[in-house]
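Open the model in your viewer and keep the selection panel at hand. The tour moves from helix pairs to loops and then to the ligand.

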Amino acid sequence: MNPSSFPAADRYAVIGHPVAHSKSPDIHAAFARQTGQILTYEKLLAPLDDFAGSVRALIAAGGRGANVTVPFKLDAFALATTLSDRARAAGAVNTLRFDAAGVFGDNTDGAGLVTDIVVNAGVALRGSRILLLGAGGAARGVILPLLSGQPAQLVIANRSSDKAIALAAQFAPHGAIVAQDFAALDGQFDIVINATAASLADALPPIAGSLFGAHTLAYDMMYGAQPTIFLRFAVQHGARVRDGLGMLVEQAAESFLLWRGVRPETAAVLAGLRAALAS
Ligand code: ATR
């Protein structure tokens with residue numbers, strides 16, 4: 001058989017430093033199998049001082065797109081020649097698409113979070129009271145998609161309160177967002193999202209258990225084999241909990257849609273990752 005009769009596989013990668021731990025190649029391979037798309041997806045370890053060189057090399061080798069992870073999301077934002085509105089609002093890019101027009105930068109993290117909360121966890125954003133903990137890159141990336149869901153109020157609290165105040169001011173034209181000090185938080189919330197890096201250090205943001213109730217969804221953007229300290233605290237105070245594994249899969253599905261024009265089913269992929277994490 002003539003090998004040239006087979007279409008060449010389109011090439012994608014996740015670029016990070018470190019990147020060895022990334023689950024993205026497994027997720028995208030599963031999406032490609034499920035949707036019958038012919039592509040390859042690899043891990044690319046970029047030097048800390050030459051993200052742009054790695055992107056150029058990928059494009060030269062026939063790359064069609066990339067996911068971008070720590071610590072390059074700001075570099076990807078700077079490198080993109082065109083940006084989506086949500087990437088501009090996030091100030092960071094986690095998805096690049098390469099085509100004749102140049103390098104398109106998008107950010108699918110916030111959409112991934114919202115899909116995981118609304119579709120997978122079945123919790124509505126409209127009319128809800130949401131608390132967002134943290135004001136770094138992870139928090140900033142999800143504010144616009146959360147506000148698009150029209151919550152009654154989005155409260156943002158951060159250890160360095162000036163950062164929360166600045167974000168609330170920036171996003172105020174897009175919805176009901178206010179900044180509050182941790183100590184000033186009161187009443188129960190429908191959704192509490194931990195977008196701080198505290199779980200990485202097994203630390204808990206200084207929040208009261210009274211913020212949670214039986215109707216509260218506590219969401220940690222981090223995930224692991226065991227629940228984070230934040231999720232354990234929330235459970236103790238009666239909340240439903242969810243970690244960031246679903247967000248990871250849903251942001252990948254959104255990237256896949258951008259690249260391939262088809263939205264993959266995520267439930268089986270998420271269940272497979274969860275089982276692998278537990279084993
Ligand atoms: P990322 O891209 O993951 O958001 P980042 O931009 O460095 O990383 O932001 C880290 C966030 O976690 C910040 O909101 C940080 O609070 P400060 O702005 O006050 O530094 C928050 N954070 C990190 N460790 C924390 C802890 N132990 N308790 C509370 N907040 C913490």
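At what angle do the axes of helix α9 (residues 245-260) and helix α10 (residues 267-278) cross? Select both helices: the axes cross at roughly 140 degrees and come within 10 Å. Before going on, note that this is a predicted model, where local features need pLDDT of at least 70, side-chain atom pairs count only at pLDDT 80 or more, and totals for chains, interfaces and linings use all residues. Residues are numbered from 1 along each chain as its sequence is written, and side-chain values use heavy atoms, with hydrogens and water left out.

**Helix pairs**

Helices (H or I, at least four residues) and strands (E, at least two) are DSSP runs, numbered from the N terminus. Axes are lines fitted to C-alpha atoms, for helices over the stretch in contact, and angles run from 0 to 180 degrees between N-to-C directions.

Stay with the pair on screen. α9 and α10 are therefore oblique to each other. Angles under 35 degrees count as roughly parallel, over 145 as roughly antiparallel, 65 to 115 as roughly perpendicular and the rest as oblique. The crossing of α9 and α10 is right-handed. That term applies if the near helix is turned clockwise from the far one by less than a right angle; anticlockwise is left-handed.

The axes of α1 and α9 come within 10 Å, crossing at roughly 55 degrees. That makes α1 oblique to α9. Here too the crossing is right-handed.

Now select helix α6 (residues 137-148) and helix α7 (residues 161-171). Their axes lie 11 Å apart, at an angle of about 40 degrees. α6 and α7 are therefore oblique to each other. Their crossing is right-handed.

**Loops**

The peptide bond from His17 to Pro18 is cis, with omega near 10 degrees.

Next, pick the loop between β3 (63-68) and α3 (73-79), which holds Pro71. Val70 and Pro71 are joined by a cis peptide bond, with omega about 0 degrees.

Then find Gln150, in the loop between α6 and β8 (153-157). Gln150 is not a glycine, yet its phi is positive, near 55 degrees.

**The ligand**

Zoom in on the oxygen atoms of the ligand. A polar side-chain atom of Asn158 lies 2.7 Å from one. A polar backbone atom of Gly137 is 3.0 Å from a ligand oxygen. For Gly136, a backbone N or O atom lies 3.4 Å from an oxygen atom of the ligand. Taken alone, the ligand exposes 650 Å², and the protein buries 68% of that (Shrake-Rupley method, 1.4 Å probe).

How values were computed
Polar contact = N/O pair within 3.5 Å; in protein donor to acceptor, adjacent residues only side chain to side chain.
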